[in-house]
Amino acid sequence: MKAARRGRCLKRKPDLRSFLLPALVFALPLAEIAGFVLVGRQIGALATVGLVLLSGVVGMALLRHQGFGVMSRVRAELAAGRDPSAQLAHGVMILLAAFLLIVPGFLTDIAGLLLFIPPVRDLAWNLLKGRFMVVTSFRGGFGGSAKRGRTIDLDAEDFSRDRPNPDSPWRRLGDE
């Protein structure tokens with residue numbers, strides 16, 4: 001009897017979030033079809049197909065234009081030694097926006113166009129960044145030599161652990 005009670009206690013109630021994704025996957029195509037019917041009724045079938053094709057072309061063009069901009073901002077953040085996670089998230093959202101524009105449908109086009117707007121991406125990043133852990137190993141640039149301003153290049157014969165070499169550049173570095 002006690003084992004049966006314990007078994008009942010371990011059962012969890014289904015979570016609403018577990019039904020959300022399958023419902024969205026099922027409802028989105030139906031909503032897109034309804035959108036096609038409504039728009040097609042207003043402007044005609046040929047114009048509707050033209051709008052869908054145009055949105056795909058616009059998605060590819062915006063991806064190319066804004067994607068290069070995001071990559072240059074990521075490089076600038078890396079060169080300054082700052083965390084590029086926000087710019088990388090913008091890049092992922094631009095990829096998603098372009099994908100949504102390329103996929104046929106008016107609802108996905110609206111969502112894709114919204115994601116191309118930088119303040120909307122900032123809002124989305126601010127809402128989602130608490131759910132992600134960004135692990136970086138940036139410490140003021142691309143290595144310790146960047147702080148000193150010079151690099152010491154050693155050959156194999158310049159360095160050995162057997163005996164200290166009095167002519168070694170490492171030896172001179174400690175004397176300065």
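Arg-82 and Glu-77 form a salt bridge, their closest N and O atoms lying 3.2 Å apart; the term stands for a side-chain nitrogen of Lys or Arg within 4 Å of a carboxyl oxygen of Asp or Glu. The structure holds one such bridge. This is a predicted model, in which local features need pLDDT of at least 70 and side-chain atom pairs count only at pLDDT 80 or more, while totals for chains, interfaces and linings use all residues. Residues are numbered from 1 along each chain as its sequence is written, and side-chain values use heavy atoms, with hydrogens and water left out.

The two partners of the bridge differ in accessibility class. Glu-77 counts as buried because its relative accessibility is 18%, whereas Arg-82, at 46%, counts as partly exposed. The classes are set on relative accessible area, with buried under 20%, exposed over 50% and partly exposed in between, using a 1.4 Å probe and protein chains only. Over the protein chain, which has 176 residues, buried residues make up 22%.

The protein chain has eight helices and zero strands, giving the pattern α-α-α-α-α-α-α-α along the sequence. Helices here are DSSP runs of H or I with at least four residues, strands are runs of E with at least two, and both are numbered from the N terminus. Among contacts between residues at least 6 apart in sequence, 54% join residues at least 24 apart. A contact means heavy atoms within 4.5 Å.

Helix α3 covers residues 45-79. Its 35 residues should span 51 Å at 1.5 Å a residue, and its end C-alpha atoms are 51 Å apart, so the two values agree. The expected span is 1.5 Å times one less than the number of residues. Buried positions in α3 include Thr-48, Val-52, Ser-55, Gly-56 and Gly-59, and also Val-70, Val-74 and Glu-77. An α-helix has 3.6 residues a turn, so residues three or four places apart point the same way. The buried residues of α3 pack against α2, α4, α5 and α6. After α3 comes Gly-81, which has a positive phi near 80 degrees.

Helix α4 (85-102) has 18 residues and reaches 26 Å from its first C-alpha to its last, close to the 26 Å expected at 1.5 Å a residue. Among its buried residues are Ser-85, Gln-87, Ala-89, His-90, Gly-91, Met-93 and Ile-94. The buried residues of α4 pack against α3, α5 and α6.

Leu-63 lies in helix α3 and, at 28% relative accessibility, counts as partly exposed. The C-alpha atoms of Leu-63 and Gly-91 are separated by 9.4 Å, the two residues being 28 apart along the chain. Leaving out residues up to four places away in sequence, Leu-63 touches Phe-68, Ile-94, Leu-95, Ala-98 and Phe-116. In helix α6 lies Leu-128, which is partly exposed at 39% relative accessibility. Leu-128 and Ala-89 are 39 residues apart in sequence, with 9.7 Å between their C-alpha atoms. Asn-126 is also located in helix α6 and is partly exposed, with a relative accessible area of 49%. From Asn-126 to Ala-86, 40 residues apart along the chain, the C-alpha separation is 9.2 Å.

Which aromatic pair does a search of the whole structure find? There is one aromatic pair, and the rings are those of Phe-36 and Phe-106, with centres 5.5 Å apart and planes at 65 degrees, so the pair is edge-to-face. Rings of Phe, Tyr and Trp (its six-membered ring) pair if their centres lie within 6.5 Å; planes under 30 degrees apart count as stacked, over 60 as edge-to-face and the rest as tilted. The pair links distant parts of the chain, with Phe-36 in helix α2 (residues 16-43) and Phe-106 in helix α5 (residues 106-115), 70 residues apart. Phe-36 counts as partly exposed at 27% relative accessibility, and Phe-106 as buried at 16%.

Glu-32 also belongs to helix α2, and its side chain reaches the backbone nitrogen of Phe-106 at 2.7 Å. Not counting residues up to four places away in sequence, Glu-32 touches Gly-105, Phe-106, Leu-107 and Thr-108. Glu-32 is buried yet has no salt bridge, and Arg-41, the nearest side chain of opposite charge, is 16 Å away. For charge, Lys and Arg count as positive and Asp and Glu as negative, while His and the chain ends are not counted.

Note on methods: Polar contact = N/O pair within 3.5 Å; in protein donor to acceptor, adjacent residues only side chain to side chain.
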